[in-house]
Amino acid sequence: VGGNWKCFGTKESIKGLMGTLNGGNLPSDVDVVVFAPAIYLDYTQGLTTENIKVGAQNSWTQNGAFTGELAPQMIKDCGLEWTLLGHSERRHVVTHETEEVLRDKLRAVLDAGLKVVYCVGETLNEREANQTKEVVFRQLETMKNAVKDEQEWDKLVIAYEPVWAIGTGKVATPETAQETHSWIRTWISENVSKAVSDSMRIQYGGSVKGSNSAELAKQPDIDGFLVGGASLTADFLTIVK
């Protein structure tokens, strides 16, 4: 389960949230990663127990004259294991990242030895035009083009986030989410290998809350969640459990 804090938080709020999570008796069979804003990564890392990992929300491809960016080597140097790539707000709002840019970024972070939660998902217009498969499969193809071999897929988690459900209060029904997750797993089986498909963890993201996570988690191809707004509150603990 991942918590994407986006561009929210203060030292005070982060300290309170981490206190809640650290004392929350987290299940041992669930990997928990919180993706803090870059300026709070080191601070958050200093507050976590061994049961919670901290990840960066984004990475560039390399060191250099890239003002405002983080290099994979910097993330690794700070003792972090995870980064988030391909989030819809990076694809459609902040920088309009292309598939080519995301391919290069994914290759760079894998070369640096980082693990990745890689986001895929369609917009409302694309869903209404029955283009969900086309869009998501194109995004998966970008992942495939960046990965060198089957072993590297072990460092990847896929997060399916229908863009129309992110921060809108709209949630894909469990059945709708499961349908797309099953398409993703089948695509991986047919285009990478069945072994990778069987072991791939596919998260659902899109207005996930404690009140709807249990029903979503019952679906056979939903292996966890990438949580936005609820990850900033004690409700995140409910989702993890």
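The dialogue below takes up these features in turn.

Q: At what angle do helix H7 and helix H8 pack, and how far apart are their axes?
A: This is a predicted model, and in it helix H7 (residues 132-146) packs against helix H8 (residues 174-191) at an angle of about 45°, the axes being 11 Å apart. Angles from 65 to 115 degrees count as roughly perpendicular and those under 35 degrees as roughly parallel, so H7 is oblique to H8. The crossing of the two helices is right-handed.

Q: Which residues make the contact between H7 and H8?
A: From H7 come Thr132, Lys133, Val136, Phe137, Leu140, Glu141 and Lys144, while H8 supplies Thr180, Trp183, Ile184, Trp187 and Asn191. By class, the residues of this contact comprise six nonpolar, three polar and three charged.

Q: Which residues have the most contacts inside the largest nonpolar core?
A: That core has 57 residues, and those with the most contacts inside it are Leu106, Leu156, Ile158, Ile184 and Tyr204. Leaving aside residues up to four places away in sequence, Tyr204 touches a set that includes Tyr160, Pro162, Val171, His181, Leu216, Ile222 and Phe225. There is also a second, separate core of nine residues, with Phe35, Trp82, Leu84 and Val157 among them.

Q: Is Asp77 buried or exposed?
A: A residue counts as exposed when its relative accessible area is over 50%; Asp77 has 68%, and is therefore exposed. Asp77 is found in helix H3 (residues 72-77), and its C-alpha atom is separated by 9.9 Å from that of Ala112, 35 residues apart along the chain.

Note on methods: Residues are numbered from 1 along each chain as its sequence is written. This is a predicted model: local features need pLDDT of at least 70, side-chain atom pairs count only at pLDDT 80 or more; totals for chains, interfaces and linings use all residues. Side-chain values use heavy atoms; hydrogens and water are left out. Axes are lines fitted to C-alpha atoms, for helices over the stretch in contact, and angles run from 0 to 180 degrees between N-to-C directions. Helices (H or I, at least four residues) and strands (E, at least two) are DSSP runs, numbered from the N terminus. Angles under 35 degrees count as roughly parallel, over 145 as roughly antiparallel, 65 to 115 as roughly perpendicular and the rest as oblique. A crossing is left-handed if the near helix is turned anticlockwise from the far one by less than a right angle, and right-handed if clockwise. Contact means heavy atoms within 4.5 Å. Ala, Val, Leu, Ile, Met, Phe, Trp, Tyr, Cys and Pro count as nonpolar, Asp, Glu, Lys and Arg as charged, and the others, Gly among them, as polar. A nonpolar core is a set of buried Ala, Val, Leu, Ile, Met, Phe, Trp, Tyr and Cys residues joined through side-chain atoms within 4.5 Å. Buried means under 20% relative accessible area, exposed over 50%, partly exposed in between (1.4 Å probe, protein chains only).
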